[in-house]
Amino acid sequence: MNMETSNVMAPPAPRSLEGMKLPTVMMRDIVLKTMFRMNLDMVTEIAKAICLPIPVTQELIDLARDQRLLEATGTLHANSGGEMGFQLTDAGKARALDALSQSEYYGAMPVPLAVYSEQVKRQSIRNIQVSRDQLNGAMGHLILPEELLDHLGPAVSAGRSVLMYGPPGNGKSSISNGIRDALGDKIYVPRAIEYSGQVITVYDPIVHTAAEEQVDDPNSLRRTSGRYDTRYVLCDRPTVITGGELSLSMLDLVYNPTARTYQAPLQLKSTGGVFIVDDLGRQEEPPQALVNRWIVPLEENKDILALQSGEKFEVPFDTLVIFSTNFHPNEIFDKAALRRIFFKIKIDGPDQEDYLKIFAMVARKRKMPLDEDTLVYLIKHKYPTIDNIYANYQPIFLVDQMIAICEFEGIPYQMSPELIDRAWANMFVKEEKIVH
């Protein structure tokens, strides 16, 4: 798979008003609201603002002119190739204000839900095949046991749900991020979708990373616009990461009563990408309730959302869901829930050999010279006090602590048994009663 560009079939640009599959009145009103709010008067500017090809935009302008909502200004803009200007009539302004009172939405024309669902199939996360090399490349900065990639590879390529569990501090979050990086290609994310006359905004710069856009050169023979539907933004496959703050309400449509529009919930924004539920078991809702909410989407590849009116409707569910927890699965799920999570992968702490590899790698990165006697002291005298249980986070913690001490004492970076003792004291807090 080419990692630089998208192998995904682009959504074709609409060719006519009829091909838009949106209510005509809704489209006309969005044009009027956009002209009113953005003070636009030329077809090329309007087409760019509503993200439609110029011929389709012209059809909408002509429709509004026939209804006496727009009129030609009678002036040709010399600096824009002699383009005719248009303005709202008094009836057009009244209609724009009336439409704004019903919904503040203007700008990019929404994509009908049924049309968007077709694009989701074309760019499904389940179409991706991730190779061992890609996973290795994305996780090269982590020292992981070889058999872990044996389990992770098929899980990611299947695009199904994954549960990673095991003691804290062993890189479950880093592995989740590595999976995201391994996906590598790009998909098309709609700015907004339409269902039943309602607008739901999807593209979110906080969640989505837009690819570099090609800028049109008007003198170029090959124009880039018109090649795909610009109501979509070409983005990296999205990743949503939630932790202890995740609540069931975050998985519902968000209604903005002022703008009278909806915002897509997190799982819809992550369509075609990865949704990571980190620290499962730390949320207010019990893990069982959270997983129950995902069961139908995970099994049927569709989710059910509700409008303010109570009307329920289906949206595509095309997301690799990664649950990560420090608890044993049997403590937080019943058997039915566990059955429905496709892959369950235990992430354990490193063995002594891998622990020392991590320690050496961290020291090299931090420019801390290694000292063999200190490492022997650490392994022989410190780890037996905690039953020789190694964790991935510990080398970073100990090296950073020793660096902080060296900087405070004004001595060159070095490691010694004495510095290990001081660093170790900050890693674990002794059990003791505090007298109030």
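Me: A nonpolar core is a set of buried Ala, Val, Leu, Ile, Met, Phe, Trp, Tyr and Cys residues joined through side-chain atoms within 4.5 Å, where buried means under 20% relative accessible area, exposed over 50% and partly exposed in between (1.4 Å probe, protein chains only). Which residues have the most contacts inside the largest nonpolar core?

Reply: The model is predicted: local features need pLDDT of at least 70, side-chain atom pairs count only at pLDDT 80 or more, and totals for chains, interfaces and linings use all residues. Residues are numbered from 1 along each chain as its sequence is written, and side-chain values use heavy atoms, with hydrogens and water left out. The largest nonpolar core holds 30 residues. Those with the most contacts inside this core are Met20, Ile50, Leu60 and Met109.

Me: Which element gives the most residues to this core?

Reply: Helices (H or I, at least four residues) and strands (E, at least two) are DSSP runs, numbered from the N terminus. Two or more core residues come from each of helix 1 (24-38), helix 2 (43-50), helix 3 (54-66) and strand 2 (83-88). With six residues, the element that gives the most is helix 1.

Me: Which residues does Met20 touch, apart from those up to four places away in sequence?

Reply: A contact means heavy atoms within 4.5 Å. Met20 is among the residues with the most contacts inside the largest core. Beyond four places in sequence, Met20 touches Pro14, Met27, Leu52, Val56, Met109, Pro112 and Arg231.

Me: How many disulfides does the model contain?

Reply: A disulfide is a pair of cysteine sulfur atoms within 2.5 Å. Cys51 is buried, with a relative accessible area of 8%, but its sulfur is too far for a bond because the closest cysteine sulfur, in Cys235, is 13 Å away. Cys235, buried at 0% relative accessibility, is likewise in no disulfide. By this rule the count is zero.

Me: What is the bridge partner of Pro112 in strand 6?

Reply: Strand 3 runs parallel to strand 6 (residues 192-195), and two bridges join them. In strand 6, the partner of Pro112 is Glu194.

Me: Which residue of strand 7 stands opposite Ile193?

Reply: Strand 6 and strand 7 (residues 198-201) run antiparallel and are joined by four bridges. They form a hairpin with two residues between them, and Ser196 in the turn has a positive phi of about 55 degrees. The residue opposite Ile193 is Ile200.

Me: Which residue in strand 15 is the bridge partner of Leu163?

Reply: Both faces of strand 4 (residues 162-165) are covered, with Val162 and Met164 buried on one side and Leu163 and Tyr165 buried on the other. Strand 4 runs parallel to strand 16 (residues 343-346) over four bridges, and Val162 has Phe343 as its partner there. Strand 4 also pairs in the parallel sense with strand 15 (residues 320-325), over four bridges. In strand 15, the partner of Leu163 is Phe323.

Me: Which helices do the buried residues of helix 16 pack against?

Reply: In helix 16 (residues 417-427) the buried residues are Leu419, Ile420, Ala423, Trp424 and Met427. They lie on the same side of helix 16 because they cover an arc of only 135 degrees around the axis, the arc being that of the directions from the helix axis to the C-beta atoms. Glu418 and Ala425 are exposed on the other side. The buried residues pack against helix 14 (372-382) and helix 15 (393-409).

Me: What is the radius of gyration of the chain?

Reply: The chain comprises 16 helices and 16 strands. The radius is taken over C-alpha atoms, and the globule rule is 2.2 Å times the number of residues to the power 0.38. For 436 residues this rule gives 22 Å, and the chain is well over that, so it is more spread out than a compact globule: its radius of gyration is 28 Å.

Technical notes: Pairing = 2+ DSSP bridges.
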